[in-house]
Amino acid sequence: MSESAHQGPGHKGAAHLVEMANDIAAFFSGAGHAPAAAADGVADHLRKFWDPRMRRKLIAYGHQGGAGLSDAARLALVKLEAATASANAAE
Amino acid sequence: MRSIVEQDLGTPAPKFRNVGRTTTTAPAAANKTVMLTIDGREVEVAEGSSVLRAAALNGIHIPKLCATEQLDAFGSCRLCLVQIEGMKGYPASCTTPVAAGMKVSTQNDKLAALRRGVMELYISDHPLDCLTCPANGHCELQDMAGAVGLREVRYGYDGANHVYAKQQGEDNALFVGKDESNPYFTFDASKCIVCSRCVRACDEQQGTLALTIQSRGFASKVAASQDETFMQSECVSCGACVQACPTATLSEKTLIDKGQAEHSRITTCAYCGVGCSFRAEMKGEEVVRMVPNQDGHANHGHSCVKGRFAIGYATHSDRIMKPMIRAKISDPWREVSWEEAIAYAASEFKRIQAKYGVDSIGGITSSRCTNEETYLVQKLVRAAFGNNNVDTCARVCHSPTGYGLKQTLGESAGTQNFDSVMHADVIVVIGANPTDGHPVFASQMKRRLRQGARLIVADPRRIDLVRTPHIAADHHLQLRPGTNVALINSLAHVVVTEGLVDEAFVRARCESASFEQWREFVADAHNSPEQMEAVTGVPAVEVRAAARLYATGGNGAIYYGLGVTEHSQGSTMVMGIANLAMATGNIGREGVGVNPLRGQNNVQGSCDMGSFPHEFPGYRHVSDDATRLLFENAWQVTLQNEPGLRIPNMFEAALDREFLGLYVEGEDIAQSDPNTQHVTAALSAMECVVVQDLFLNETAKFAHVFLPGSSFLEKDGTFTNAERRISRVRKVMHPKSGYADWEITQLLANAMGYAMNYAHPSEIMDEIARLTPTFAGVSFARIDELGSIQWPCNDAHPDGTPTMHIDEFVRGKGRFLVTEYVPTREKVNAKFPLILTTGRILSQYNVGAQTRRTFNNQWHDEDRVEIHPHDAEERGIADGDWVGIASRAGDTVLRAQVTERVQPGVVYTTFHFPESGANVITTENSDWATNCPEYKVTAVQCTRVSQPSDWQKRFRAFSDLQQDLLNKAGADVFAAK
């Protein structure tokens, strides 16, 4: 985990979000699911259970290189961002 | 002494006993009745009833002393004897079952003479201080003396007796003085008639077997353990003996102090998730004693030391009675009017929202609140605050249950009622300690185990249930903390590879694609018990034997607790349990199922009521347009369609200065949530923390507004227990601070500009029922009518639903999910070589805010760290030494208890005292799906030390300061001493 993910005293910044996203990805990667297949489950989970602020932070962190994110988590963020953009466009 | 309003029918209703695969599936002898004649009257009663019960049911009262409906018939007092045509002699009516055509006489001269003779003998060894006796007014012995017309005692009082300490100037060897060692009841042996009701209550009802009849003949006497005092003995102070006693021998100290109650009101216990029904026996607005309700559907007249006795907190002098405010947490508290406190809280919340945005505030509800209160708090947050930042303490206990069971079975709740355990043949207890955490259900479970059901325990620690009087687990799978999923996968591996799958059930009831995928996954060699042994530490042969027993031993029922959920893979484990139950067909009927044992009284209810940030009441996602529209129309407001912050996310957002206002009702996050220093840093960063509670709890020390709440005795509402059972909480006294909690939330909503106008909590439940399909048939009137209701309750199930998923799963077909074991990132190493796991103890409850303010401290007055002798010796730690416990998150100091209950490499503690700082050590690691903290696995080091930790010193200084700031508010804010 890069130090840049930390943001201040008593606060883990994006580092904690990265860990959480990786844990979610680990579940959906069970039974040898490829990252692409797991990413749908991860994106759906983030959409259903994460406050939008947390999702935005992690997407932004992904844009900065996303150090430490697993492949499935990284792919999920791309899917999540695309879905959010198309939903916004539809409104 | 029984309740003042209950009629005792003498013997229990006839029971159908079933043990073993063939008999469990046989139909019960349902509704068969028998006709007989009692005193010339034709009566009809259930087959298997005693003559005593048959008579009592028809208003014919046969004298009795050793018989009580609470216990099986015993036939020792010889007072209930009757004459039956064609039968020899005078059979005891309590032990004689009814038969068709029987002709019974309960009263005639011969019977009267016999009974008078028996009573005369009893009274010849009993004190005659009736007028000053605590049982006076409700003494069965006195009543029987009256009933049989006893007029004289010819034997006199000069002979051998148990009544007088001295006789003719000499010490009386038979006399035993009062035992007042128990803080809640006394044992006065001089009044004992040796009816054995207390001994039988301890055996049959509680299952502790702490009491016995010692010696023989006239020397017979009741003794606790090896003739010790009650406090020194194995007694767990459940009070079943006190309730069973027909005389004043065992009496509540409050009864001795206050005298007989004059009225009685049924309510529901505010402690654990068993949700026992009680009769609050009252003198005006004062509670004389709590008596478990014989008709209580969850507890059937039983209780534990907390529910029956530990209610003194409700009138404790620490209780705060007046609203208070302060601008900064370093300021003294100032007593203000309700109007000023509410206006201040609302103006602060509005100021924060204006400055930092609509999402910058939120609320936390509690499992200690009623359904109506939690519903109102989430409504306040969603409708008045305008966001979804609402969460509840289930986040940190059973949120993985909600998620895992919804994903697999389709509903976020346990599948059975408690009584279902009486039909189980194999009971599996995983990560739960029922005899401490859910004592009344544990008693029922032990009753079934004594009848012959088999037991499998999966727990890192040797909990009491593993070996306890008349019970021994067939298998104790003593796994390493954090390896649950590895264990459940290897159990499943055995089921799948040894052909133990219930193929017909799976074919008919489950998704075939997901099952095949799961079958392939668990069948893989890496999930075999042999390969997983290195991970779990459990011998493969034990795992194989346990799996075979569960899959083939008849009805298999799984009970689990926080040892399952409070892990980084908590949700995965819940799914793993559901997978296993479905694969073996152990779901959808009595005696089987997946049963989460909920920690607190209203965990189930607070979740049902929409306390989670992503769900409306009834577990419907906020993004579901139809549901949201329903609530928008009902509440006349626009609602957000995105999930809000969960409790740990709130802390992170506070430190980011994005979340700065919090309304907390009945919850103590500063003590109960992990990584205390992180929590308190987040609370310190907030600009307005509003705490509504009975006491200035740990969270309130960081608050700006304190709103004094009401105890469960002071309000109306409902609690929903672990079996989805909705029971009434009934007000027995007026709120001591002026308002019931629901009224306070309503005041706050109105001050925020969102109108709420409920006149009574029943109106809130009516609204819940209108908006929630699973609650459609629920109302206060309907609960009063049925006694309690298990949801779903609607047109399809007008009387509720004891067993779920009977013909199909709530989601349609059962869904198997692949549950790959992922080790926690909390790893032991040279610096932190031990694993700390946490749990609870019988006498204390959760953060202890209630039980620490009762005599229960006499059983447990500090949290200790349990350590294996091997680990202790390596570190030079002896029993009672101060031990420093350090983790990556923090450190604290506790006294050691050296014990083999824990395995080498594992240490254990409870978290009931804030100064213990158990959660200073626990980390922010959490369940991947729900953020439920990983309380059960923390890598630590233990060292012998001589002083408290730095955190404890800071905690003490801060607590002293806060107490000082509270005292400055003046003595008026406290309850009268």
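Helices (H or I, at least four residues) and strands (E, at least two) are DSSP runs, numbered from the N terminus. By this count, chain A holds 4 helices and 0 strands. Its elements run α-α-α-α from the N terminus on. The model is predicted: local features need pLDDT of at least 70, side-chain atom pairs count only at pLDDT 80 or more, and totals for chains, interfaces and linings use all residues. Residues are numbered from 1 along each chain as its sequence is written, and chains are lettered from A in the order in which they are written.

Contacts are heavy atoms within 4.5 Å. Among contacts in chain A between residues at least 6 apart in sequence, 60% join residues at least 24 apart.

The second largest pocket holds about 960 Å³ of space. A pocket is an open set of points on a 1 Å grid over the protein atoms alone, where a 1.4 Å probe fits, with protein on both sides within 12 Å along at least five of seven lines; lining residues have an atom within 4 Å of a point. The volume is the space filled by probe spheres set on the points, which are joined across faces, edges and corners.

The lining of this pocket comprises 38 residues. Asp436(B), Asp464(B), Ile841(B), Leu842(B) and Arg901(B) lie nearest the centre. Elements of chain B that give two or more residues include helix H12 (434–437) and strand E37 (906–910). H13(B) gives the most, with 4 residues.

Notes:
Side-chain values use heavy atoms; hydrogens and water are left out.
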